[in-house]
Amino acid sequence: MSQSVIPIMLDIPESFETERLLIRAARWGDGAEMNEAIAESLNELKPWMIFAQSLQTPEETEQYARESRLKYLDRSNMHMNIYNKADGTFIGCSGLHHIDWDVRAFELGYWIRSSCAGKGYMTEAVNAITEFTIRELEANRIEIRCSGRNTKSAAVAERTGYTLDGILRCNTRGFDGELHDTKVYAKVRGAEF
């Protein structure tokens, strides 16, 4: 598409499914289950996620869910919740950030609830969101960025077939106060899809 794309005018599905997962845009009322998952997972998320530096109140998380809903609708940030289809358990969050509609470039981020880790859910979700981004959003580039120290996040990127484009050395200060490298993984139209 040309530079004249008007993102809010794009008809984009708000949900899709995989074999085990329902992945959907945030909705009013999602804050409580998100807050519960963050509270359960705070120690694992704290080294990597700004929102996990202290536990938010359920009201703050609900405000985030509502703001995420609005941003999904205006296509400026596409937050997605991940659920187990079998029992409805909230598994974690993902989404597309730092969107450049002119280039059709998206950054895919994710986190998983601690009790759901190690079961292949995030790999399944990232594969599905990648396909959604290619099919529905006509992506030319999809990136996954993570701290060079976040081996679990990097492993998801690698398992889902993303190519390590490079490492930005000492380019960010981690929440531990130390300088961290950033690994930049990507899939690019014509190369990986």
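Q: Why is the contact between the side chains of Arg20 and Glu124 called a salt bridge?
A: In this predicted model, the side chains of Arg20 and Glu124 meet at 2.7 Å, N to O. The cut-off is 4 Å between a side-chain nitrogen of Lys or Arg and a carboxyl oxygen of Asp or Glu, so the pair qualifies.

Q: What makes this a link between distant parts of the chain?
A: Arg20 is in the loop between E1 and E2, whereas Glu124 is in helix H3 (residues 121-137), 104 residues apart.

Q: Why is Glu124 called buried?
A: Its relative accessibility is 17%. Buried means under 20%, so Glu124 counts as buried.

Q: Why is Arg20 called partly exposed?
A: Arg20 has a relative accessible area of 29%. That value lies between the limits of 20% and 50%, so Arg20 is partly exposed.

Q: How do you know that Glu36 and Arg113 form a salt bridge?
A: Their side chains meet at 3.0 Å, N to O. The limit is 4 Å, so the pair counts. Glu36 belongs to helix H1 and Arg113 to the loop between E5 and H3, 77 residues apart.

Q: Is Arg113 buried or exposed, and why?
A: Arg113 has a relative accessible area of 7%. This is under 20%, therefore Arg113 is buried.

Q: Why is Arg135 called exposed?
A: Its relative accessibility is 51%. Exposed means over 50%, so Arg135 counts as exposed. Arg135 also forms a salt bridge with Glu136 (3.3 Å, N to O).

How values were computed
Residues are numbered from 1 along each chain as its sequence is written. This is a predicted model: local features need pLDDT of at least 70, side-chain atom pairs count only at pLDDT 80 or more; totals for chains, interfaces and linings use all residues. Side-chain values use heavy atoms; hydrogens and water are left out. Helices (H or I, at least four residues) and strands (E, at least two) are DSSP runs, numbered from the N terminus. Buried means under 20% relative accessible area, exposed over 50%, partly exposed in between (1.4 Å probe, protein chains only).
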